Each structure stands twice: as C-alpha cells, then as structure tokens.
Amino acid sequence: MRTFSKMHTWLLLTGFILLGAALRFHHINRVPLRGDEAFTVIHWLREPLSETFRSIATVDPQPPLAYIMFHLWGQLTGTGEYAVRFLPALVNVIGIAVLYALGKRFGGVRVGLCAAFLWAVHPYQIWHAQDARNYALWAVLSPLALWLGLRAIDRDRPVDWALYYAAAVAAAYMYYLELFALTIFAAYLVLRYRPQRRVVLRGLIVLVLVALTLAPWFLQARLLFGSGYTGTTFSAQPDKLLTWFVPSLMFGEVLQASLSWLWVAACAVLVVGMITVVRCLKGRGLLLCALGILPLVLITLVSLRLNVFTPRYILFVSAVYIVICAYLVTRNHLGALVGIALLGVMIIANVQYFYTDYRKAPDWRMLAAFLSENLDRQAQVIQLAADEAYTFYHEGYALPSDPLRLPANPRQSAAEISSSLATAAADHESLWIIADAPPAWTNRSVVTEWLHDRLQRTRSVNVGGLRAQEYRAWHVVGDHLPIVNFDDTVRLLNGWQVFQEPDRSLTVWAYWQPLRTTEQPLHVFLHLVGAVNPRTGTPLWAQDDQAPQDGRAATTLWEPGQILRDVYSISLADVPADQYNLVIGLYDPADGTRLPSPYGDSYTLGQIVID
C-alpha cells in the first residue's frame with residue numbers, strides 16, 4: 001500500500017484546498033438570491049443585532065452565533081449579493097482541512113486525503129457554500145467538534161477537552177440541530193469508554209459545561225413556547241429518507257430529478273461502507289454509523305410536530321458519509337472503482353449546477369430589472385409570493401414605493417386584503433402583481449379575483465418563469481386626440497403604445513372613442529405585417545382578434561363619447577427579427593366586412609422593429 005511523505009501530503013492537501021476554493025467561488029453570483037438568503041441580508045446583516053435577537057429569533061429561529069457572524073461580516077464587507085455569499089464559501093473551504101483531519105483520525109493519511117478531496121468537490125457542500133445561510137458554516141464546525149472530541153478522548157488532556165468544549169459550543173450556537181451530534185457523541189463516550197472512568201468523567205463534565213453555556217439561549221421561554229414557529233419545509237415523510245435524504249447528503253439534489261436510480265446507488269454504497277467501517281474500526285465504526293443513521297431518525301421524529309423535514313437541517317451528516325466513503329474507496333481496488341463512480345456522479349452534478357439552466361430560486365433579479373424599465377413612478381407592486389428575495393431586488397433596483405405583500409400570510413382575511421387593494425388602487429395609477437402565492441394558501445386567489453372584477457389588465461408577462469401583470473382603472477385619464485374615423489362608428493385616438501415583452505410577445509394599447517352603437521357586434525383586428533411570410537404566402541406574420549375590451553365594451557352596447565383603452569397581445573414565437581407594420585381595423589365577424597376609413601379598410605399605427 002502506497003504511503004505519502006509529509007511533503008506529498010501537504011502538497012496534495014493544498015491542491016485540494018485550492019480546488020475546493022475555486023469551485024466554491026466559481027459563478028458564485030450566477031443565480032439570484034433565494035428567499036432565505038435575502039432574509040439573511042435584510043434581517044441578519046442590515047438590521048441592528050439587538051433587533052435581530054429580539055424579533056427575528058422567533059420568526060427565523062437560529063442560534064446567536066449565526067446572527068453575529070453574518071452581521072459582523074456585513075459590517076466589514078457590505079451587504080451585496082457577492083459579499084454575503086463570500087462568507088459561507090470562505091468558511092466551507094476550511095472544511096477541506098477539517099475533513100482531512102477527521103478522516104485521518106479514523107483511517108490514516110490516505111483516508112484523510114480522500115475525505116478532503118471528496119469534500120472539495122462535493123456538490124451539496126458547494127451548493128450550500130454558495131448560499132447565504134449558516135448551514136455551510138455549521139457543516140464545518142460540526143465535524144471539527146467531532147474531531148476535537150475524538151482527539152480529547154485519545155489524549156485526555158485538559159487543553160484538548162477545552163478545545164472540544166469551544167468547538168462544540170460554537171457548532172451548537174451556529175445551528176440548533178447540532179444537539180443531535182452532541183447527544184450521539186455523549187452516548188458513544190459513555191458506552192464505549194465505560195472502563196476508562198477518568199475519560200468518561202472528564203468528557204461528561206465538558207458536556208455539562210457545554211449544556212450550561214447553551215442554556216441561556218436555548219432555554220428562553222419565548223423560543224420554547226412563545227414563538228409560534230411551525231417550520232417552513234415539510235412534515236415527516238419517512239419514505240423519503242432513502243430516496244431524498246441519503247442521495248442529497250452524498251451527491252446533492254441537482255441530479256435527483258434526472259437520475260431516479262441515484263438513491264439506490266447511494267444507499268448501496270453507504271451500506272457497504274458502513275459494514276466496512278464497523279468490521280475494521282469496531283467501536284469508532286459504530287460511531288460513524290450512529291452519526292449517519294440516527295440524525296435521519298431524529299429529524300423525522302421532530303418533523304412530526306414541526307415542518308422541518310429537509311436534508312439541509314442535518315447537513316453535518318454529509319461529512320460522516322464522506323468519511324465512510326473515503327474509508328471504503330481506500331481499502332482495495334474494488335473500493336477504488338466505487339470512488340471513481342462517486343467522483344463521476346459528483347462531476348456531473350457540479351457541471352449541471354454551474355453550466356445548465358438549473359435554478360435554486362426564481363429569477364427575481366430578472367423580474368426586478370424588467371420592472372425597473374416598465375414601472376412609472378405612480379405604480380404599486382403587489383407581491384403575491386411573500387418572498388424576501390423580491391424585496392431585496394426591489395430595493396436594489398430602486399423601484400418606486402415599497403412592495404405590498406398580499407396575502408401577507410395564509411391567515412390574512414379576504415376583507416383585509418380587499419381593503420388594502422382598494423387603498424392601493426385609489427393611491428396609484430397602476431397596480432402590478434408579481435409571482436404567485438404558495439399553492440397551499442387558501443387566500444391565494446383573493447388578489448387576482450379582486451383586480452379582475454374592478455380593474456383592466458393592461459400587461460401580462462412571463463419574466464423568467466415569474467408572472468408580472470399590470471392593472472389600471474377602466475376610466476382613461478389624459479388627452480387623446482383623433483387620428484382617424486372608421487366609418488361613422490368609432491374614432492381611433494392618438495397615444496397608442498407598444499411593448500416588446502421578455503416572453504417573446506407584443507402588448508399593444510389602442511384608444512377608441514365610439515361615435516354610435518352598431519346593430520351587429522364588431523371585432524377589432526391587429527395585424528403584424530412585413531415581408532411575405534413563407535408559411536402563409538402573405539405579409540401577415542401574427543395577429544390578435546377580439547371584441548373591444550374582450551367583450552366588455554361590445555359595439556352594440558358601448559357608450560358614444562367615452563374613451564376606451566383596448567389591450568392586444570401578439571405572440572412573436574414564430575416571428576423573426578425584422579421591421580414590421582402594425583395594422584388595425586374593425587370588421588363584422590359574421591361576414592368579414594371591414595369598416596372603411598380614409599386609408600382603406602384599415603389603418604397603419606406605425607412601424608416597429610422586432611429584436
């Protein structure tokens with residue numbers, strides 16, 4: 001079996017650290033912040049720390065070290081997207097050295113180097129390292145505490161127990177569920193080392209000191225009984241432990257949708273690895289198995305009462321699986337083949353994460369950029385999704401007024417929502433609704449129904465998968481002068497507007513003034529014409545055809561003299577980039593007869609260039 005000199009070991013470890021750093025900082029700002037990350041910026045970094053402790057700790061329950069580290073980091077570097085993600089990425093790189101030390105303690109230098117390499121390229125660690133939350137920091141502190149605890153047991157020196165105490169407190173104050181790891185370690189200490197009473201006694205004293213240090217925060221009545229926090233993910237689903245948790249903690253979540261068999265491979269490797277470490281390492285192998293299995297059971301039990309069933313809440317288990325896999329793949333040639341397969345899956349997952357259209361969150365950045373180009377100063381944005389990521393980008397793009405969250409929560413009454421909408425409609429010229437409320441919210445449709453019943457929808461766009469719709473009052477305000485009459489029936493007014501939407505569609509506003517009602521209902525046609533379309537052999541490329549205001553202002557009933565805004569939408573899916581004319585007119589759908597104008601049976605609004 002090949003051995004490594006100290007120089008070779010440090011050169012390899014340095015290379016792994018550089019590789020891990022490169023992967024964690026590569027494209028770190030490619031995808032927008034997700035909601036939880038934006039919450040971190042707005043409430044952990046930008047608010048006074050005292051306010052975070054007082055109010056946020058019950059809404060987004062985290063231990064104080066998480067708030068403190070991010071807040072101090074924000075004071076040092078600022079609160080932009082890149083700055084806030086830099087902290088977890090930087091700390092997570094340190095985990096490469098930690099995993100080397102942990103793997104070495106379980107199986108020697110070869111296992112340590114393999115564990116360090118797997119951590120460096122691990123897709124789930126990279127994902128969280130580029131996520132502005134405390135999970136990537138905790139994922140380093142937890143294995144660090146485990147390594148120091150094992151070293152303290154072996155050496156049994158006060159300084160080693162003191163270091164374990166500091167690391168254990170730091171890990172638990174970084175994330176609550178470090179208590180799982182501390183409990184398992186305490187049980188291991190008592191059961192495995194009963195004959196060594198001095199070691200057990202010192203270890204238990206240290207663990208009691210850890211508990212006493214955590215108690216002032218962990219035992220606050222407002223956190224235990226008064227927060228009302230019920231979790232924000234899922235309730236317990238034991239059947240997903242193997243199909244979701246295990247492959248996520250081993251390979252990340254990116255590939256799970258495309259490789260449905262991945263969980264089978266992950267479980268098979270893990271079972272073989274656990275058998276190997278138990279057979280070779282005896283008691284310490286059992287510790288690895290306990291740390292790899294019991295947290296899954298414990299998170300399931302907790303999720304019976306709180307909606308916290310998600311792999312990231314036990315992210316420290318990922319380090320355990322890495323050590324188990326590192327031990328397995330360094331045993332023999334068959335293990336090396338398993339290691340090559342593991343590495344292949346991780347490479348594919350990282351490539352898909354970095355270079356495909358994979359998104360960890362909706363593209364709020366694109367939506368905010370769109371709104372910054374299309375909102376006037378009298379617009380009000382109504383955010384249906386209640387997502388802090390939009391709030392972050394709304395502020396970043398300096399959009400007018402603060403966004404209005406409706407529904408604010410799943411319990412907000414329809415009467416309260418309607419009252420807020422009425423006030424907003426009275427105070428603003430236009431209302432924009434964006435995104436969609438969570439499917440489980442029973443009040444999710446109140447906003448759209450209220451707007452549909454009372455206002456005119458003037459824009460409807462899909463921006464990067466997110467809905468953006470504008471509503472305005474039916475009554476048209478402003479001076480609109482006549483352009484052309486169609487027969488003695490209706491007058492087309494100036495002020496028409498055209499919008500090229502990001503979802504490859506065209507929105508056009510036209511203004512009409514009826515002169516009389518008609519016996520038969522007429523339709524408006526809007527044609528996009530240009531060079532001869534080879535598909536149809538005519539200059540027509542796309543069109544919209546509808547009764548005025550989608551039938552609301554039927555020509556048999558409309559009121560002469562009033563001004564009507566009519567909205568048309570034309571798909572540009574099959575329209576190449578070129579110059580076109582917009583042609584408008586009215587006709588009788590019963591026989592196709594068009595109303596005459598001084599320019600023939602239609603009128604050219606103008607030329608537009610399709611990008």
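## The core and its members

Which residues touch the most other members in the largest nonpolar core? In this core of 154 residues, they are Tyr164, Met250, Ile314, Tyr321, Trp364, Leu367 and Leu371. A nonpolar core is here a set of buried Ala, Val, Leu, Ile, Met, Phe, Trp, Tyr and Cys residues joined through side-chain atoms within 4.5 Å, and buried means under 20% relative accessible area, with a 1.4 Å probe and protein chains only. Apart from it lies another core, of 30 residues, with Ile570, Leu572, Val575 and Ile610 among them.

In soluble globular proteins, nonpolar side chains tend to be buried together. For Tyr321, the residues in contact (heavy atoms within 4.5 Å) are Val246, Leu249, Met250, Leu270, Met274, Gly292 and Leu296, when residues up to four places away in sequence are not counted.

## The model and the chain

This is a predicted model, in which local features need pLDDT of at least 70 and side-chain atom pairs count only at pLDDT 80 or more, while totals for chains, interfaces and linings use all residues. Residues are numbered from 1 along each chain as its sequence is written, and side-chain values use heavy atoms, with hydrogens and water left out.

The protein chain has 21 helices and 13 strands, which are DSSP runs numbered from the N terminus (H or I, at least four residues, for helices; E, at least two, for strands). Along the principal axes, its C-alpha atoms fill a box of roughly 105 × 55 × 45 Å, and 54% of its 611 residues are buried. Among contacts between residues at least 6 apart in sequence, 71% join residues at least 24 apart.

## Helix α16

Helix α16, made of the 14 residues 316–329, reaches 21 Å from its first C-alpha to its last, which is close to the 20 Å expected at 1.5 Å a residue, where the expected span is 1.5 Å times one less than the number of residues. This helix is mostly covered, as 14 of its 14 residues are buried.

## Cavities

On a 1 Å grid over the protein atoms alone, a cavity is a set of points where a 1.4 Å probe fits but cannot get out, a pocket is an open set with protein on both sides within 12 Å along at least five of seven lines, and lining residues have an atom within 4 Å of a point. Grid points are joined across faces, edges and corners, and a volume is the space filled by probe spheres set on the points. There are 3 cavities of 30 Å³ or more. The largest cavity holds about 110 Å³ of space; of the 13 residues that line it, Ser142, Ala145, Leu146, Glu178 and Ala181 are the closest to its centre. Two or more residues of this lining come from each of α8 (135–155), α10 (178–192) and α16.

The second largest cavity has about 50 Å³ of space, and its lining includes Leu249, Met250 and Tyr321. Here α16 gives the most, with 4 residues.

## The second largest pocket

The second largest pocket has a volume of about 440 Å³, and of its 19 lining residues the closest to the centre are Gln456, Arg457, Thr458, Asp550 and Val567. The strands β4 (456–463), β10 (538–546) and β11 (564–571) each supply at least two residues of the lining, with the largest share, 5 residues, coming from β4.

How values were computed. Buried means under 20% relative accessible area, exposed over 50%, partly exposed in between (1.4 Å probe, protein chains only).
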